[in-house]
Amino acid sequence: MKIVVALDSFKGSAPSYALNAAVKKGIKSVLPQTEVCTFEIADGGEGTLAALAQKLGGERIKVATVDLMGRQITASYLLAGDVAVVEAAQVIGLDKITPTADTFTQASSRGLAALFIDAEKRGVSELLVSLGGTGTSDGGLGLLEGLGGSIFALPRFENMKVTALTDVTNVYAGENGYARVFGPQKGGTPDLIEQQEAQAQERARQIRERYGLDVQEVAGTGAAGGLGAAILLLGGELKSGFFKIAELLELEEELKDADLVITGEGSLDFQTAHGKVPYGMAILAKKHKVPTLAFVGTLGENLGEMEELLLASFSIQPRPLSLEQALEEKGTLHHLEELTKNVIKARFL
């Protein structure tokens, strides 16, 4: 028997590799002869650098820059041959601030530019940029300005292809745009969100008229507070973070002869089907007629498309817990291991 395990990190609780190890330990305690293949995985958000480093190798390059509030920091990116991987959250991550109205209006993506410039100087042919987990809502203007341009005078990379790895499919403006969907979690008040939405609509119009590019028609342009659109303006492209990472890890090869897939994330709900790890794993598994289980921290009432894709889904929490208790890593890993034991016993013994 062969089981493939690939859980995304539980944000604020435990990283992908540790969660995978807990599931593997649980499986082996019940079925010691089972082949268990684990993949440190991400969807284009936090953990992307670590997930790709396991396959690509390479070295971490440190760059002096600023975070989303303009504070001096040293950030790193992965350099593997002529490919570079930048995890935007390491520079402008939501975890670097306590979201308020001030951070909502002041946070900038400018600090990412230093990593782009450094990678280009090193002769990189392709720059992969993971966009998930960011705390900015500047429509991508900060990045363009940091590169010496604007939406009216676009900077260009002559020999470096830029590919953004998105963990959401939201467009630039409107009901599914970055301001209205992600503004509340980034500190936006209702009034500020509507102001930002009006600005996003105007920029979308200007981009359409000046370049013939409709950012409202391209999935992912609203990722990372509009950074997706900035990548397009730089001549880059947007790709599903999970599927690109899975391709680079050659994950699908391991699914072809698997008997079961176990995946998961911190919170499983109707938004999971918009590009998150459990959705991607379930889609690939379905292609090869392999059933998929999801082990998660929080299980929403409305799973949307995931209801049809998953064999079953389970919350790891054994009883009501405070948020602080639920996020504690040691407890998370213990509960996950115990859940795995019980589910494997129920299915295979």
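**Exercise 1.** Which residues of helix α2 (residues 48-56) are buried?

*Solution.* A word on the model before we start: it is predicted, so local features need pLDDT of at least 70 and side-chain atom pairs count only at pLDDT 80 or more, while totals for chains, interfaces and linings use all residues. Residues are numbered from 1 along each chain as its sequence is written, and side-chain values use heavy atoms, without hydrogens and water.

Step 1: take buried as under 20% relative accessible area, exposed as over 50% and partly exposed as in between (1.4 Å probe, protein chains only). Helices are DSSP runs of H or I with at least four residues, strands runs of E with at least two, numbered from the N terminus.

Step 2: Thr48, Leu49, Ala51 and Leu52 of α2 are buried. They span an arc of only 160° around the axis, which places them on the same side of α2; the arc uses directions from the helix axis to the C-beta atoms.

**Exercise 2.** Work out how strand β11 (residues 292-296) is enclosed and paired.

*Solution.* Step 1: 5 of the 5 residues of β11 are buried, so the rest of the structure largely encloses this strand. Thr292, Ala294 and Val296 lie on one side, Leu293 and Phe295 on the other.

Step 2: two strands pair if DSSP finds at least two bridges between them. β11 runs parallel to β9 (residues 260-264), with 3 bridges, and parallel to β13 (residues 312-315), with 4 bridges.

**Exercise 3.** Decide whether Ala224 is buried or exposed.

*Solution.* Ala224 belongs to helix α9 (residues 223-233). At 8% relative accessibility, Ala224 counts as buried. Its phi is positive, about 55°, although Ala224 is not a glycine.
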